[in-house]
Amino acid sequence: MSIPHYHVVAAIILHEEHILCVQKGIAKYSYVSYKYEFPGGKVEADESHQTALRRELWEELSLDIHVGKLYHTVFHAYPHFHITLSSYLCSAISIATLRLTEHIDYRWLLPVALPRLDWAAADLPIVTKLARGSL
Ligand SMILES: Nc1nc2c([nH]c(=O)n2[C@H]2C[C@H](O)[C@@H](COP(=O)(O)OP(=O)(O)OP(=O)(O)O)O2)c(=O)[nH]1
C-alpha cells in the first residue's frame with residue numbers, strides 16, 4: 001500500500017513579538033504525541049490554504065485570524081505518512097478568545113526561545129528559521 005501524503009497548513013501567530021506554540025495530546029503515532037506544533041491541520045479537498053487555516057484555528061483554538069504571507073514550506077517523511085507543511089505568518093484579531101479544545105498546552109514564546117520546546121520533526125526547519133531571526 002502506498003504511504004499517504006497530506007497537505008498540512010500551520011499558522012505562525014505573532015502577537016507582541018511572541019509566537020503561539022501548541023502541544024498535541026496523545027496521538028496515533030508516538031513520534032507526534034505530545035509534540036509542540038504550530039496550530040493548523042490538514043487541508044480538505046477544494047479548500048484554499050487560507051480557508052483551511054482560518055477553519056482550523058477557529059475549531060481548535062477559537063481564534064479568528066488574519067492569514068499573511070507564506071513563510072516556509074517543508075516536506076517531511078514520517079514513518080507512516082508524509083506531509084507537505086506550509087506555514088504562514090498570521091495575526092489574531094483578538095487573543096482574548098483563545099481556548100484549547102484539542103491541545104493540552106500552549107505557550108507564547110519569543111522566536112529565539114522556540115528551539116527549547118520538543119517539536120514535531122517536520123517543524124524543525126521552520127523553528128530554526130524563526131529562531132535565527134528571519135521574519
Ligand atoms: N497542525 C499541525 N500539524 C502538524 C504540524 N507538524 C506536523 O508534523 N503536523 C502533523 C501532525 C498531524 O499528523 C498532521 C496534521 O493533521 P491534523 O492536525 O489535521 O489531524 P491529526 O492527525 O492530529 O488528527 P486526524 O484529523 O488525522 O484525526 O500534521 C504543525 O506544525 N501543525
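Guide: Helices (H or I, at least four residues) and strands (E, at least two) are DSSP runs, numbered from the N terminus. By that reading, the chain has two helices and seven strands.

Visitor: What pattern does the chain follow along the sequence?

Guide: The order is β-β-β-β-α-β-β-β-α. Residues are numbered from 1 along each chain as its sequence is written. This is a predicted model, in which local features need pLDDT of at least 70 and side-chain atom pairs count only at pLDDT 80 or more, while totals for chains, interfaces and linings use all residues.

Visitor: What is the mean pLDDT of the chain?

Guide: pLDDT is the predictor's confidence in each residue, from 0 to 100. Where pLDDT is low, the predicted coordinates should not be read in detail. Here the chain has a mean pLDDT of 98, and 100% of its residues reach 70 or more. For the complex, the predictor gives an ipTM of 0.95 and a pTM of 0.96.

Visitor: How does the radius of gyration fit that of a compact globule?

Guide: The radius is taken over C-alpha atoms, and the globule rule is 2.2 Å times the number of residues to the power 0.38. For 135 residues the rule gives a value near 14 Å, and the chain agrees because its own radius is 14 Å. Along the principal axes, the C-alpha atoms fill a box of roughly 45 × 35 × 25 Å.

Visitor: What share of the contacts joins residues 24 or more positions apart?

Guide: Two residues are in contact if their C-beta atoms, placed from the backbone, lie within 7 Å. Among contacts with a separation of 6 or more, 65% are between residues 24 or more positions apart.

Visitor: Is isoleucine 13 buried or exposed?

Guide: A residue is buried if 20 or more other C-beta atoms lie within 10 Å of its own, exposed if 12 or fewer, and partly exposed in between. Isoleucine 13, in strand 1, counts as buried because it has 25 C-beta neighbours inside 10 Å. Leaving aside neighbours within four places in sequence, isoleucine 13 is in contact with Ile19, Leu20, Ile65, Cys90, Ser91 and Ala92. Of the 135 residues of the chain, 26% count as buried.

Visitor: Is lysine 69 buried or exposed?

Guide: Lysine 69 lies in strand 5 (residues 65-77) and counts as exposed, because 7 C-beta neighbours are inside 10 Å. Not counting residues up to four places away in sequence, lysine 69 touches Tyr88 and Leu89.

Visitor: Which residues of the largest nonpolar core touch the most other members?

Guide: In soluble globular proteins, nonpolar side chains tend to be buried together. A nonpolar core is a set of buried Ala, Val, Leu, Ile, Met, Phe, Trp, Tyr and Cys residues joined through C-beta atoms within 7 Å. The largest one has 28 residues, and Ala11 and Leu53 touch the most other members. Two or more residues come from each of strand 1 (5-15), strand 2 (18-23), helix 1 (49-61), strand 6 (82-92) and helix 2 (124-131). Strand 1 gives the most, with six residues. Beyond its neighbours within four places in sequence, leucine 53 is in contact with Val9, Ala11, Gly40, Ile65, Val67, Tyr88 and Cys90.

Visitor: How many residues surround the ligand, and which are the closest?

Guide: A residue is near a molecule if its C-beta atom, placed from the backbone, lies within 6 Å of it. The ligand is surrounded by 14 residues, and the closest are Glu37, Gly40, Gly41, Ala120 and Ala122. Strand 1, strand 4 (40-42) and strand 6 each give two or more residues to this shell, and strand 4 gives the most, with three.
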